[in-house]
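Dear colleague,

My notes on its contents follow directly after it.

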Amino acid sequence: AWLSPIAMHNQKQQQQQQYSELIPILEQITDDVWIVDTLLSVVVCDLAVLDSLLLYALDLLQQSQTLNEQRPTAFTRLLRYRERVATLRHIMENAPEFDLRVVMRNHGDGNGDDDKTLLASNYVLFRDANLVDIAYVLAAHESLYALTAVFTYHAHEISAHDRLKILSWIPSTTHPSLYAEVLPSMEQPTWTTRRWYARQYGLTEEEEEDDDDEKKDVDDVLSADEIVQWYTTRVYEIEATTGNVENSLILCNVGVNEKQIASLHTLLDTLLLFHTVVYEYGAGDSLSLRQFERMDAESRLLTVLSTSSFDRILRDIETRSQYFVSERDLSLVLLNICPKLAATATGKIDLVAAILTAHQQFDLSTVIKTYAESNAESNIFKRVASVDLTGTDTDADARGTIRQSQPSAE
C-alpha cells in the first residue's frame, strides 16, 4: 500500500497525494526516526512525488545530528534512492515503454499494466539492484538509452574495467552509433560521471557513497593499451560474427576520429579498403578481415580482378589497381598474377590475353612461353608458341596473334 504508515496515521488521506498535501501530514509526526525508516521503504506510483518524499527525509537528516547518529547509513541510502529516481525519470521521459521487468526477466511482459504500475515496478527493481548487473543486462538487451543514462549518471558505481566488459555485451549486430556516446576515449581514459545532486550535497564526481570505497582504486584506471585492445577486439569480433564490415568500419572510425585513438589508423585504412572490396567490387565474400589483412598487394589485386569479365577486365584494372599497387609496379604485378587469374575460373585465359594485349610493355616472350608450357589446352598461346620471339618484329606479330585470337565481347 502507498505510504501505508502515514495512510494509517490519517485515514482520510487518499493514496495519491500531492507533495503539498503530504507535508502537513509529515509535520504532525514528531518521530523523525519513524519518518526516515518509513520513507526508506516507500514506493509511490508518481516518481516526482517519490523524489519529494526522499528529499524531505534527506532534509531531516541534514538538520539533525542525533538522527544521523541513530541511522548512520540512512543518508547514503536515501541519496542513492533519490539518484536512481532521477535516472529512472530521465529514462522513462525519453523511453516511456521501458520495462525493467522484461529486461531483467523477472516477470512476464507486463502487458496490461497501466503507467503507474509500470513506474512502481521499474523503481523497485532499479532501486535495489546492483547497477553493474543492471548494466550488463541493459547492454545485452540493447536498451542503450537506459545504459547511456546509467553510465552517465552512475559512473561512480561502476568501475572502468567493468564498463569495458559491459560494452562487449552489446550485440555485434547493433549499430555502433547507438552506443558511441559511452565508448572510452584516449583523452578521457577513465569515465567521469554527471552525478545527480553532487553540488547540492557537496560530493565530488569521484567520491564514492560508502566509506570503504572512498579511496579510488588505482588499478581501475584504464591504460591506453587496454583501450586500443578493446576497440581492436570489438572490430574484429563484429566482422567475424556478423560479416558486417560496415559496422566494424563505423566503430573503428569512431575510435579514430571521435575518441582520438591514433593507434587505430592502420586498422581503419585496412577496413576502408576491405569495405570497398566487399561492397563496391563484390569480391572477397569468403574472406575475413584478418585474412584480407594478411594478404599482400598481389593477392588483393587478384581477389578484386577475379570477379571481372572479359568486357570489364581492362576497366577494372584501371580503376581498382590504384588501391593496391603503384602504376610503376602494375605491369610486374599483373605479370605475376596472370597464371593465378587464368586458373580461377573457366574462360579466364581470355582475360589474361586481354591484359597482355593492353599492357604491351610486358615481356611477352616469357609470358607466352610460360603459358605454352603450363596450359596445354590454351589455343591462344599454343598458336604462338612456335613463333620466333627473339626479334622485335616477330614480337609484334605475336601480339597481333593474341589480338586476333581474342573472342568478341559477346
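Tyrosine 201 is buried in this predicted model, since its relative accessible area of 11% falls under the 20% limit for that class. Its aromatic partner is phenylalanine 75: the ring centres lie 5.5 Å apart and the planes stand at 80°, so the pair is edge-to-face. The angle qualifies because edge-to-face pairs are those with planes over 60 degrees apart. Phenylalanine 75, at 21% relative accessibility, counts as partly exposed.

This pair joins distant parts of the chain. Phenylalanine 75 belongs to helix 6 (residues 74-94), while tyrosine 201 sits in the loop between helix 11 (160-167) and helix 12 (224-242), and 126 residues separate the two. The count of aromatic pairs comes to six.

The loop between helix 11 and helix 12 also holds tyrosine 197. The ring of tyrosine 197 pairs with that of tryptophan 196; here the centres are 6.4 Å apart and the planes are at 40°, so the pair is tilted. Ring pairs link Tyr153, Trp196 and Tyr197 into a cluster.

I turn next to the helix packing. How do helix 12 and helix 13 run relative to each other? Their axes come within 7 Å and cross at roughly 165°, and the two helices are therefore roughly antiparallel. The crossing of helix 12 past helix 13 is right-handed. On the side of helix 12, Tyr231, Arg234, Val235, Ile238 and Glu239 take part in the contact; they meet Val245, Asn247, Ser248, Leu251, Cys252 and Gly255 of helix 13.

Helix 13 (residues 245-258) also packs with helix 14 (residues 265-280), where the axes come within 9 Å and cross at roughly 155°. These two helices are likewise roughly antiparallel, because angles over 145 degrees are classed in that way. Helix 13 passes helix 14 in a left-handed crossing. Among the residues that make this contact are Val245, Leu249, Cys252 and Val256 of helix 13, together with Leu268, Leu271, Leu272 and His275 of helix 14.

Serine 185 lies in the loop between helix 11 and helix 12 and is buried, with a relative accessible area of 11%. Apart from its neighbours within four places in sequence, serine 185 is in contact with Ile227 and Lys259.

Glutamine 260 is found in the loop between helix 13 and helix 14. Is glutamine 260 buried or partly exposed? Its relative accessible area is 35%, and glutamine 260 therefore counts as partly exposed. Phi of glutamine 260 is near 55°, again a positive value in a residue other than glycine.

Yours sincerely

Technical notes:
Residues are numbered from 1 along each chain as its sequence is written. This is a predicted model: local features need pLDDT of at least 70, side-chain atom pairs count only at pLDDT 80 or more; totals for chains, interfaces and linings use all residues. Side-chain values use heavy atoms; hydrogens and water are left out. Rings of Phe, Tyr and Trp (its six-membered ring) pair if their centres lie within 6.5 Å; planes under 30 degrees apart count as stacked, over 60 as edge-to-face and the rest as tilted. Helices (H or I, at least four residues) and strands (E, at least two) are DSSP runs, numbered from the N terminus. Buried means under 20% relative accessible area, exposed over 50%, partly exposed in between (1.4 Å probe, protein chains only). Axes are lines fitted to C-alpha atoms, for helices over the stretch in contact, and angles run from 0 to 180 degrees between N-to-C directions. Angles under 35 degrees count as roughly parallel, over 145 as roughly antiparallel, 65 to 115 as roughly perpendicular and the rest as oblique. A crossing is left-handed if the near helix is turned anticlockwise from the far one by less than a right angle, and right-handed if clockwise. Contact means heavy atoms within 4.5 Å.
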